[in-house]
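Have the structure open beside you as you read.

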Amino acid sequence: MHRVVNREEVQRLMREGAQLVEVLPREEYAEEHLPGAINIPLKELDAKTASSLRKDRPLVVYCHDFQ
Amino acid sequence: MSPRAAWRLESLGFTEVYEYSAGKADWGAFGLPLEGKGTQSVRIKDIARADVPTCGLSDKVGTARRRAAGWDTCIVVNEERVVLGRVFKEQLDGDPGADVGDVMRPGTSTFRPNVSAAEMLEYMDRRHHESSLVTTPDGRLVGLVLREDVERAATPGS
């Protein structure tokens, strides 16, 4: 089961090679996103769009805030 | 939104999934770097004066006045650099033997580091402020932004 992490843990995971995924719409991603994050809008998240992600590395998903 | 995404990714066979629920609002509010076209505008963290003088609650006004030489304010912080209040010229010019904690203004407004210079200027214009405090969401002092710096940063081509 996935775990909720805070900012410091995200920074540690990034150093360890985690993949960052922003699930907001493309326009919001284009405006601002975390360094190195890729964009898979939640509405498009399926086996096909997730195929670019590696299963052997940690994944951190985020949106704007607690929404 | 991110909880649904985390659950969906797990259903797709990803076994090490984390959810950063505070998201990019939290990231930006702490002044951490972001990428994207919106990051090209100047943020107040970029122009905040980190060398603004500080003092403690139990310091005397005379001490704060000495530290604030060349400034018209001194920021009252605790040992964690969390902002507790602010003393202005009016208080700095007062009784040098008074405790800062007794004369400071505790209710001063603070702004997050990722506020743009344009937004800051709009606020300063509306409230007739000459300077504003920049803090992290947990109240730690980043610095003081001055109107002159904000105006320069918010004016295209300056």
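## Ground rules

Two strands are said to pair if DSSP finds at least two bridges between them. Helices (H or I, at least four residues) and strands (E, at least two) are DSSP runs, numbered from the N terminus.

This is a predicted model, in which local features need pLDDT of at least 70 and side-chain atom pairs count only at pLDDT 80 or more, while totals for chains, interfaces and linings use all residues. Residues are numbered from 1 along each chain as its sequence is written, and chains are lettered from A and ligands numbered from 1 in the order in which they are written.

## Where the chains meet

Let us start with the contact between the chains. Strand E1 of chain A (residues 3–4) pairs with E1(B) in the parallel sense, over 2 bridges. Here A:Arg3 stands opposite B:Tyr18 of E1(B).

Overall, 32 residues of chain B and 30 residues of chain A take part in the contact, where two residues are in contact if their C-beta atoms, placed from the backbone, lie within 7 Å. On the side of chain B that touches chain A, helix H1 (2–11), strand E1 (17–20) and helix H2 (23–29) of chain B each supply at least two residues. H1(B) gives the most, with 7 residues. By type, that side of chain B divides into 15 nonpolar, 8 polar and 9 charged residues; Ala, Val, Leu, Ile, Met, Phe, Trp, Tyr, Cys and Pro count as nonpolar, Asp, Glu, Lys and Arg as charged, and the others, Gly among them, as polar.

## Chain B as a whole

Chain B has 8 helices and 7 strands. Its radius of gyration is 20 Å, well over the 15 Å that the globule rule gives for 158 residues, so chain B is more spread out than a compact globule. That radius is taken over C-alpha atoms, and the globule rule is 2.2 Å times the number of residues to the power 0.38. Along the principal axes, the C-alpha atoms of chain B fill a box of roughly 70 × 40 × 25 Å.

Of the 158 residues of chain B, 32% count as buried. A residue is buried if 20 or more other C-beta atoms lie within 10 Å of its own, exposed if 12 or fewer, and partly exposed in between, with C-beta atoms placed from the backbone.

## The E5-E6-E7 sheet

In chain B, 3 strands form an open sheet in the order E5-E6-E7, with mixed pairing. Strands E5 (110–111) and E7 (141–146) of chain B stand at the edges with a single partner strand each, so one side of each is left without a neighbour in the sheet. As for E6(B), 4 of its 5 residues are buried, so E6(B) is largely enclosed by the rest of the structure.

E5(B) and E6(B) (residues 131–135) pair in the parallel sense over 2 bridges, and B:Phe111 stands opposite B:Val134. E6(B) and E7(B) pair in the antiparallel sense over 5 bridges, with B:Val145 as the bridge partner of B:Ser132. E6(B) and E7(B) form a hairpin with 5 residues between them, and B:Gly139 in the turn has a positive phi of about 90°.

Which residue between E3(B) and E4(B) deserves a look? B:Arg81 sits in the loop between strand E3 (73–77) and strand E4 (83–88) of chain B, and has a positive phi of about 65° although it is not a glycine. B:His128, in the loop between helix H7 (117–127) and E6 of chain B, also has a positive phi, near 55°. With 7 C-beta neighbours inside 10 Å, B:His128 counts as exposed.
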